[in-house]
Amino acid sequence: MNDAARPSEIVQSPLERLKITEIFLSLQGEANAVGWPTVFVRLTGCPLRCQYCDTAYAFHGGQWWEIDDILAEVARQGVRHVCVTGGEPLSQKRCLLLLRRLCDAGYDVSLETSGAIDIADVDPRVSRVVDLKTPGSGEVARNRLENLPLLTARDQVKFVLCGRADYEWARGMVAEHRLAERCDVLFSPSKSELSPRELADWIVEDRLPVRFQMQLHKLLWNDEPGR
């Protein structure tokens, strides 16, 4: 089995704990909560191997945390926005429990997911940011299209575009699945692969009902882990 096909290394624990790569405070760099001080809870493990991935350090390693301890660390940071991310956070089954516990504690919670795993059981109070993988990602076959009818106005669907072919594919997906009628649609250029200005011009020319975005954290801190 090659690395691209390897499933998550995480063995599901019988305890109420999760394997965590890092917990840190930063600014949310994308999606609807962009700019807000946010606690990021980055879970370890991912079954995908997107060619542009900027968090490959979260594929392996990490430390086991009890969910109560995660909640305590989030509370210590003193902000109301929490983003559960990865890797692919839903590759650990108890991510669903963490999301519910965070919502119960009164946080504004978002989930960043690849869209390759069923999102049906995610707490409805969570804003789900679903990354629909383009052909240029190398993982287009992993998209779980059954997730798309589950999206609501609380959610967002994101496309990271590597070039014109990805743009045309994404434009077709938005139209075919009427995504802009379900939730916010986000188009982002893959860093170093597609010029932000070029993507912006395409969106304007086609008058697409999508939101252009660049990753704020990369503009501020490049790809520095924990920022």
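Are Phe-24 and Phe-40 buried or exposed? Both are buried, where buried means under 20% relative accessible area, exposed over 50% and partly exposed in between (1.4 Å probe, protein chains only). Keep that pair for later.

**Before you start**

This is a predicted model, with residues numbered from 1 along each chain as its sequence is written. Local features need pLDDT of at least 70, side-chain atom pairs count only at pLDDT 80 or more, totals for chains, interfaces and linings use all residues, and side-chain values use heavy atoms, with hydrogens and water left out.

**Colour by confidence**

pLDDT is the predictor's confidence in each residue, from 0 to 100. The protein chain averages 91, and 89% of the residues score at least 70. Now select residues 1-9. Their pLDDT is below 50. The stretch still has 19 contacts in the model beyond near neighbours in sequence; a contact means heavy atoms within 4.5 Å. Where pLDDT is low, the predicted coordinates should not be read in detail.

**Show the sheet**

Switch to cartoon. Helices (H or I, at least four residues) and strands (E, at least two) are DSSP runs, numbered from the N terminus. Two strands pair if DSSP finds at least two bridges between them. Nine strands make an open, mixed sheet, in the order β3-β1-β2-β4-β5-β6-β7-β8-β9.

Next, select α4 (196-206). This helix packs on the sheet and touches β7, β8 and β9. Its direction makes about 145° with that of β8. Axes are lines fitted to C-alpha atoms, for helices over the stretch in contact, and angles run from 0 to 180 degrees between N-to-C directions.

Move to β6 (127-131) and β7 (156-161). The two run parallel, joined by three bridges. Val-130 stands opposite Val-157 in β7.

**Pick out the rings**

The structure holds five aromatic pairs. Rings of Phe, Tyr and Trp (its six-membered ring) pair if their centres lie within 6.5 Å; planes under 30 degrees apart count as stacked, over 60 as edge-to-face and the rest as tilted.

Return to Phe-24 and Phe-40. They are stacked, 5.1 Å centre to centre with 15° between the planes. Phe-24 sits in β1 (17-27) and Phe-40 in β2 (37-43), so the pair ties together parts 16 residues apart in sequence.

Then select Tyr-167 and Phe-187, both buried. Their planes stand at 90° and their centres 6.1 Å apart, so this pair is edge-to-face. It links helix α3 to strand β8, tying together parts 20 residues apart in sequence.

**Check the cysteines**

A disulfide is a pair of cysteine sulfur atoms within 2.5 Å. The count here is zero. Select Cys-53: the closest cysteine sulfur, in Cys-50, is 6.6 Å away, too far for a bond. Cys-53 is partly exposed at 31% relative accessibility, whereas Cys-83 is buried at 0%.

Where is the cis peptide bond? Look from Gly-86 to Gly-87, where omega is near 15°. Gly-87 lies in the loop between β4 (81-85) and α2 (95-104).

Select Arg-178, in the loop between α3 (164-176) and β8 (184-189). Its phi is positive, about 50°, although Arg-178 is not a glycine. Ser-192, in the loop between β8 and α4, is another non-glycine with a positive phi, about 75°. Arg-178 is exposed at 52% relative accessibility, and Ser-192 is exposed at 78%.
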